[in-house]
Amino acid sequence: MAAATDDAGDSNEMIRVVSSDGEHFEMPEAAANLSLVLRHMIEDDCADAAGIPLAVVAAKPLAKIVDYCTKHAAKSSGLTIEEAEELKRFDAEFIEVDTDMLYDLLVAADFMGVEGLSKLAVQRTADLIKGKTPEQNRETFGIVNDFTPEEEEEICKENEWAFQITKPPSRLC
Amino acid sequence: MEQHAQLPDHVVLDIVSYLPAKSVGRFRTVSRSWLAALSAPFFLDLYLLSGMPTTRPQSFSAVSVKFDSDSEDEASLDDDGEKWCFYAVQLRGALCVACSNRDANTIDVWSMNNDATAWSMEYHMELAAYSPEYSSEKTTVMGVDPTNGRIWLTTWQSLGHYDPKTGELVTEYRARWMNQPEALNGWMSRFCAVICQESLIRYPFEPLAQPARGAWSFVGHADVQGPPVFLRIQPKRRD
């Protein structure tokens with residue numbers, strides 16, 4: 001049961017959310033406010049004891065998102081340098097997930113409108129793609145190569161420039 | 001991620017806009033749907049837009065840039081200050097440094113790696129064959145076309161793309177009036193090329209001595225990928 005008080009504006013109020021597979025979670029209102037969708041629901045008085053249903057977010061990613069929001073809401077303003085560093089470390093560890101979870105986080109953060117998390121997941125995905133061969137990327141992201149051999153040859157030829165290796169960094173000039 | 005549905009388009013574009021052009025080029029070859037997604041005009045829009053150049057210094061003087069705190073690079077740059085010119089270029093959100101060498105007539109584009117610990121040379125351009133039109137000291141790097149890896153260059157009077165593979169430079173647009181100065185009472189035409197939506201547009205500007213008198217015109221490139229067809233809106237008459 002959420003620790004509800006009579007004061008609706010109390011930021012200590014707990015907000016309940018329900019995953020697509022029926023699991024209940026709760027987080028402080030300040031944390032829920034990091035999600036655009038939840039904030040709007042709260043503003044519209046849709047946050048009740050039954051919890052806000054999130055039809056497309058399963059329990060596994062939702063648990064991560066609640067974690068993320070709770071951590072970030074607790075340290076949102078007036079960060080000291082150490083706290084900012086700590087939050088950065090938290091983010092770096094937080095996003096060390098497998099590609100399935102990464103996909104779920106991309107979709108869920110986008111759906112729930114959690115901007116910071118979206119950016120984090122997008123950056124992580126880009127980092128996974130960067131510097132990889134097409135075959136490595138197919139493996140990482142489970143993409144099926146549906147080109148015919150002829151098509152593939154042609155398309156690789158067209159994009160040949162992208163496969164060239166630049167000089168290794170030595171000195172600047 | 002095979003078992004998942006396709007990510008929403010805007011999320012995919014978001015991801016790709018963080019990638020260097022070469023990674024995009026390689027990623028286009030993984031499957032049909034990715035090829036289609038990464039060739040769509042609206043994608044190019046977004047991608048090229050995020051590679052908008054910053055203004056380069058007009059004068060040819062070295063800018064003090066500290067590339068590496070403990071290497072000799074910095075010192076050697078200072079020594080060679082007269083022939084080198086550095087300016088910042090933003091390529092897809094990443095800050096890169098373009099170094100043009102006046103003596104060698106080359107431009108190199110360097111980018112910082114993810115951890116901001118090392119620089120690597122992304123592109124090296126030899127411009128001697130295209131000088132004086134594109135001499136390195138007056139050429140600015142605009143961005144990289146992710147469909148073919150060519151680099152858009154502008155000199156304020158000519159606009160072209162450079163193929164880093166073959167070293168070939170093709171001019172797409174030239175301020176023609178500059179060759180007929182008498183027709184415009186000696187007015188040297190210059191333009192600023194900008195990438196806007198699907199088009200490259202330009203606006204001309206005049207020497208400071210002559211205040212602008214409604215001489216705006218726009219020349220749009222119909223499609224960044226397509227043939228070099230420019231749509232021109234005639235400039236207003238100058239008295």
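In chain A of this predicted model, 60% of the contacts between residues at least 6 apart in sequence join residues at least 24 apart. For chain B, the corresponding share is 39%, again among contacts between residues at least 6 apart in sequence.

**Chain A**
- Chain A has 173 residues, of which 24% are buried.
- Its secondary structure consists of eight helices and three strands.
- Read from the N terminus, the order of elements in chain A is β-β-α-α-β-α-α-α-α-α-α.

**Chain B**
- Chain B has 239 residues, and 34% of them count as buried.
- Five helices and twelve strands make up the elements assigned to chain B.
- Two of these strands are β2, spanning 94–101, and β3, spanning 106–112, with a loop between them.

**Asn105(B)**
- Asn105(B) sits in the loop between β2 (94–101) and β3 (106–112) of chain B.
- The phi angle of Asn105(B) is near 55°, which is a positive value in a residue other than glycine.
- For context, most residues other than glycine have a negative phi.
- Is Asn105(B) buried or exposed? Asn105(B) is buried, because 20 other C-beta atoms lie within 10 Å, and the cut-off for a buried residue is 20 or more.
- Asn105(B) is thus a loop residue with a positive phi and a buried position.

Terms used: Residues are numbered from 1 along each chain as its sequence is written. Chains are lettered from A and ligands numbered from 1 in the order in which they are written. This is a predicted model: local features need pLDDT of at least 70, side-chain atom pairs count only at pLDDT 80 or more; totals for chains, interfaces and linings use all residues. Helices (H or I, at least four residues) and strands (E, at least two) are DSSP runs, numbered from the N terminus. A residue is buried if 20 or more other C-beta atoms lie within 10 Å of its own, exposed if 12 or fewer, and partly exposed in between; C-beta atoms are placed from the backbone. Two residues are in contact if their C-beta atoms, placed from the backbone, lie within 7 Å.
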